[in-house]
Amino acid sequence: MEQQDEAVTLSLAGIARLAGVGRAAVSNWRRRHSDFPDPVGGTDASPLFSLTDAESWLLRHGKIDESSSGWDRLWPRIEDLGDRDGMANLLASAGERLAIPMMEPPPAAPGPGAADLRLADEVVRLARRQSPAEAFTVLLDRWHAVHVRQLTVTPRQLADTMVALAAELRGGSTPVRRVLDPACGMGSLLAASGRRWSDEVPPIVLAGVDSDAALARLTRARLALEFPDCERHVQSADTLRDAPLPQASRADVVLSYPPSNERSWGHSDLATDSRWVYGVPPRTEPELAWVQHCLSVLEPRGVAVLVLPPGVASRRAGRRIRAGLVRSGAVRAVVALPPGSAPPHGVGLHLWLLATPRERPGNEVTFVDAADCRTTALTGRGTAVDWDGLRERTVAALRGNDVPGTTRVPVMELLSDDTDLTPSRRTVTERSVGPVELRRAWAGWDKALMDVDDAAKAVRDHEVGAAVPDDFSYIVVSDLERSGALNVTAGKAVADDLIQQGTRAEGALCVVTPWAVPGEEPWVAEAQAAGLEDEGQGVLTSFGDVVVVTAAGGFDVWVESAGPRLLGAHTVRLRTDPALLDPFFLAACLRAPGNDQRAGIRASATSRVDVRRLRVLRATMAQQRRIGEAYRQLVRFREAVADLDRTGELLSAMLSGLLAQGRLTGD
């Protein structure tokens with residue numbers, strides 16, 4: 001019983017996470033403040049402090065406040081456990097207790113310690129104040145963020161796309177009764193299946209297997225909370241070696257993002273396995289072992305959608321197995337995804353759409369090159385995947401429609417040479433450009449040039465001062481906040497079940513996130529957004545607010561000119577007092593080159609930006625208004641230059657194509 005009364009402790013890093021600052025800041029507090037709590041354990045190099053004492057000190061000195069989210073104050077204690085599996089098992093234990101009916105832990109699950117039990121109790125207590133499923137999702141997302149480099153998780157939009165393509169491939173002839181993911185990880189694909197098919201009668205069966213016991217346990221708890229009416233079977237096992245699901249448990253739909261490039265997948269142990277209908281996979285081709293395993297567990301009219309590396313489609317070692325798959329009709333389509341669709345983000349992955357081999361094999365395989373389904377990201381930096389465009393193109397191709405970037409190739413043509421199934425090599429198309437299109441492109445170029453010239457004239461009138469003024473100095477946002485010149489409010493993550501995609505309903509509000517696509521932003525109903533703000537769970541913008549995006553690699557600043565909009569995670573609203581601070585002047589200062597680097601919590605490529613550390617020039621209101629007006633002119637210039645760049649790319653592509661076709665005439 002004495003162990004139950006031991007104080008929960010935090011390291012200096014844990015206190016830093018609790019306060020939302022860097023570890024160096026806490027070390028400075030410890031040196032500068034004589035009343036900083038004394039260590040209660042640890043070593044001189046790595047002291048441990050009482051959580052209660054640390055929270056009291058932070059509250060007393062204004063480093064945190066009483067309104068801090070319960071999760072914000074509890075999470076550092078969970079994160080301070082350090083061990084990935086220890087954190088996962090603690091969260092899974094809480095999820096099992098929140099499920100209705102309460103679940104027993106898996107037989108092989110490790111028993112929790114006294115401190116873990118106390119933390120689990122607090123997680124359950126906080127979760128029961130709101131929706132347990134939503135609370136568990138928040139914790140699962142935070143756990144994933146801490147260990148993102150150790151995990152490969154299928155993003156939600158890719159998971160929903162895979163489910164939609166499986167439904168299209170299967171057709172509506174018979175209902176889906178069982179969905180399987182033989183490498184389920186955190187359960188993203190099973191959750192997407194539940195969102196699509198859980199309303200069917202009777203509800204579908206969600207089955208998953210993963211070799212990582214901690215991930216399997218998390219997925220088990222997640223599905224129990226999100227889909228209590230569905231039958232669920234999640235177990236920890238090595239799918240290829242153990243083939244854990246019995247023959248009678250075949251699936252109507254198999255969805256998976258299996259592990260790749262694993263040389264120790266069991267090649268020598270499984271040489272005579274009955275699943276290798278199309279040939280024994282070489283040791284260097286574990287992905288083709290997964291393909292054959294998924295086909296082996298399909299019902300007679302079942303379908304499978306797998307995420308695979310692009311090399312699987314063309315490596316010489318797998319050509320015989322690919323030929324067998326194509327000849328039997330098991331491969332229905334291959335889709336090339338844009339880079340960034342899923343980790344590893346620098347690789348353009350493929351979707352293989354498979355089905356139970358036909359009694360009379362089909363004559364064609366559909367190829368879809370969707371690598372160009374991209375659009376400019378909301379931050380203006382880089383591009384994002386156009387998921388709606390990707391789904392529409394692929395569905396149209398599966399229905400037999402002729403759309404750009406798709407083709408249907410006869411099986412006999414694929415069986416020659418290396419049976420290369422790379423979509424980009426099968427969907428080469430040349431756009432036909434006529435005189436009218438070219439004249440329109442030149443007209444667009446002329447207009448863009450005039451817009452740039454007009455915007456540049458206003459910017460060009462400004463002169464560079466000979467010297468820096470004597471009274472030139474800076475102030476940081478935190479000081480402006482203390483003086484009452486502005487209020488800083490961080491955006492909040494919006495629950496998935498509130499967010500809508502696609503055509504925005506009338507009166508609905510856009511959700512601002514670092515990864516949203518212009519024109520396709522997620523949205524929420526106006527009443528729901530207002531309710532979130534009233535409950536302190538949402539942050540709405542209004543005209544004149546300064547919005548800051550703080551995600552790693554996505555720092556951006558702008559002045560809200562539309563609104564209201566709902567701010568999601570990794571965003572901050574700065575609302576100024578117009579009598580003290582001009583919002584356009586503030587935006588100009590925050591966007592200054594290098595300002596985001598000075599305010600980074602960690603000096604690395606993944607630094608988070610602490611808005612309160614951003615620098616702002618000290619200036620009178622007259623100076624602020626002058627700089628703010630110049631900033632408006634600069635924004636117009638920047639937008640005009642971006643439009644000119646897009647127009648130039650289009651015109652250049654047209655001219656290059658005409659040259660290559662020998663159709664561009666002239667002296």
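Me: How many helices and strands are there in the chain?

Reply: There are 21 helices and 23 strands in the chain. Helices (H or I, at least four residues) and strands (E, at least two) are DSSP runs, numbered from the N terminus. This is a predicted model, in which local features need pLDDT of at least 70 and side-chain atom pairs count only at pLDDT 80 or more, while totals for chains, interfaces and linings use all residues. Residues are numbered from 1 along each chain as its sequence is written, and side-chain values use heavy atoms, leaving out hydrogens and water.

Me: What percentage of the 667 residues is buried?

Reply: Buried means under 20% relative accessible area, exposed means over 50%, and partly exposed lies in between (1.4 Å probe, protein chains only). Here, buried residues make up 48% of the 667 residues.

Me: How do I read a contact, and what does S188 touch?

Reply: A contact means heavy atoms within 4.5 Å. S188 lies in helix α9 (residues 188-197). Leaving aside residues up to four places away in sequence, S188 touches V153, T154, A159 and R222. Its relative accessibility is 12%, so S188 counts as buried. For the chain, among contacts between residues at least 6 apart in sequence, 72% join residues at least 24 apart.

Me: How is a pair of aromatic rings described?

Reply: A pair of aromatic rings is described by the distance of the centres and the angle of the planes. Rings of Phe, Tyr and Trp (its six-membered ring) pair if their centres lie within 6.5 Å; planes under 30 degrees apart count as stacked, over 60 as edge-to-face and the rest as tilted. A search of the whole structure finds four aromatic pairs. In one of them, the ring centres of W29 and W57 are 5.8 Å apart and the planes are at 40°, so this pair is tilted. W29 belongs to helix α2 (residues 23-32) and W57 to helix α3 (residues 51-60), so the pair ties together parts that are 28 residues apart in sequence. W29 is buried at 9% relative accessible area, and W57 is buried at 0%.

Me: Which kind of pair do F36 and F49 form?

Reply: F36 and F49 form an edge-to-face pair, 5.7 Å centre to centre with 85° between the planes. F36 is in the loop between α2 and β2 (41-42), and F49 is in strand β3 (residues 47-50), so this pair ties together parts that are 13 residues apart in sequence. F36 is buried, with a relative accessible area of 7%, and F49 is buried as well, with 0%. W29, F36, F49 and W57 form one aromatic cluster.

Me: How are two packed helices described?

Reply: They are described by the angle between their axes and the distance between the axes. Axes are lines fitted to C-alpha atoms, for helices over the stretch in contact, and angles run from 0 to 180 degrees between N-to-C directions. The axes of helix α5 (residues 84-98) and helix α7 (residues 132-146) come within 11 Å and cross at roughly 175°. Angles under 35 degrees count as roughly parallel, over 145 as roughly antiparallel, 65 to 115 as roughly perpendicular and the rest as oblique. α5 and α7 are therefore roughly antiparallel to each other.

Me: Which residues of α5 and α7 meet?

Reply: R84, M87, A88, L91, A92, G95 and L98 in α5 meet P132, F136, L139 and W143 in α7.
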